[in-house]
Amino acid sequence: MSSNVGGHRFVLGLYAALVAVAGAAGYLTGTFVSGLSAPRFLFLVPFPPTPVGFAAYGALTIALVLGVPLALVVYVSAGLDDDA
């Protein structure tokens, strides 16, 4: 089975798309839902309760939640020996 998209490139593209969707969802939430309180990234960094603040919060949260396990998988898989 041949493909024009390699495995690493596909995973990075999917990661970027998921982060973008989370940012868009945060922007739409901030736009259409009223009475929201300010979100805090990692319970420390406050973001303004605006559409841009919610977009940044959503994108950063998903980037961290998906990025850390993805980085661990890349780290572990780099150390595996294919011949074993």
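This is a short talk on one chain, going from its overall layout to a few local features.

Before the details, some ground rules. The model is predicted, so local features need pLDDT of at least 70 and side-chain atom pairs count only at pLDDT 80 or more, while totals for chains, interfaces and linings use all residues. Numbering runs from 1 along each chain as its sequence is written, and side-chain values use heavy atoms, with hydrogens and water left out.

Let's take the layout. The chain has two helices and two strands. Helices are DSSP runs of H or I with at least four residues, strands are runs of E with at least two, and both are numbered from the N terminus. In sequence order, the pattern is α-β-β-α.

Now the totals. The accessible surface is about 6400 Å². Carbon and sulfur atoms hold 72% of that surface. Areas come from the Shrake-Rupley method with a 1.4 Å probe, and for residues only the protein chains shown count as cover. Of the 84 residues, 18% are buried. Buried here means under 20% relative accessible area, exposed means over 50%, and partly exposed is in between.

Contacts next. A contact is a pair of heavy atoms within 4.5 Å. Take the contacts with a separation of 6 or more: 44% of them join residues 24 or more positions apart.

On to helix H1. H1 has 26 residues. From first C-alpha to last, H1 reaches 37 Å, close to the 38 Å expected at 1.5 Å a residue. That expected span is 1.5 Å times one less than the number of residues.

Which residues of H1 are buried? They are Val 19, Ala 22, Gly 23, Gly 26 and Gly 30. What covers the buried residues of H1 includes H2.

Here are some specifics on how the two helices meet. Tyr 27 sits in H1. Tyr 27 is partly exposed, because its relative accessibility is 42%. Set aside neighbours within four places in sequence, and Tyr 27 contacts Pro 51, Val 52, Phe 54 and Ala 55. Tyr 27 and Ala 56 are 29 residues apart in sequence, yet 8.2 Å apart C-alpha to C-alpha.

Val 52 belongs to H2. Val 52 counts as exposed, at 58% relative accessibility. Gly 30 lies 22 residues from Val 52 along the chain, and their C-alpha atoms are 7.5 Å apart.

Which helix gives the most to the patch? H1 does, with four residues. H1 (7-32) and H2 (51-79) each supply at least two. Leu 66 is in H2. Leu 66 is partly exposed, because its relative accessible area is 33%.

Now the aromatics. A ring pair is described by the distance of the centres and the angle of the planes. Rings of Phe, Tyr and Trp (its six-membered ring) pair if their centres lie within 6.5 Å; planes under 30 degrees apart are stacked, over 60 edge-to-face, and the rest tilted.

How many aromatic pairs does the structure hold? Two. In one, the rings of Phe 41 and Phe 47 have centres 6.4 Å apart and planes at 85°, so the pair is edge-to-face. Phe 41 is buried, with a relative accessible area of 14%. Phe 47 is buried, with a relative accessible area of 14%. In the other pair, Phe 47 and Tyr 57 have ring centres 6.2 Å apart and planes at 65°, so this pair is edge-to-face. This pair links distant parts of the chain: Phe 47 is in the loop between strand E2 (45-46) and H2, and Tyr 57 is in H2, 10 residues apart. Tyr 57 is partly exposed, with a relative accessible area of 26%. Phe 41, Phe 47 and Tyr 57 form one aromatic cluster.

Last stop, the backbone. Leu 42 has a positive phi of about 55°, although it is not a glycine. Leu 42 is in the loop between strand E1 (40-41) and E2. Phe 43 has a positive phi of about 60°, and it is not a glycine. Phe 43 lies in the loop between E1 and E2. Is Phe 43 buried or exposed? Phe 43 is exposed, because its relative accessible area is 76%.

Definitions and conventions
Buried < 20%, exposed > 50% of the residue type's maximum accessible area, 1.4 Å probe, protein only.
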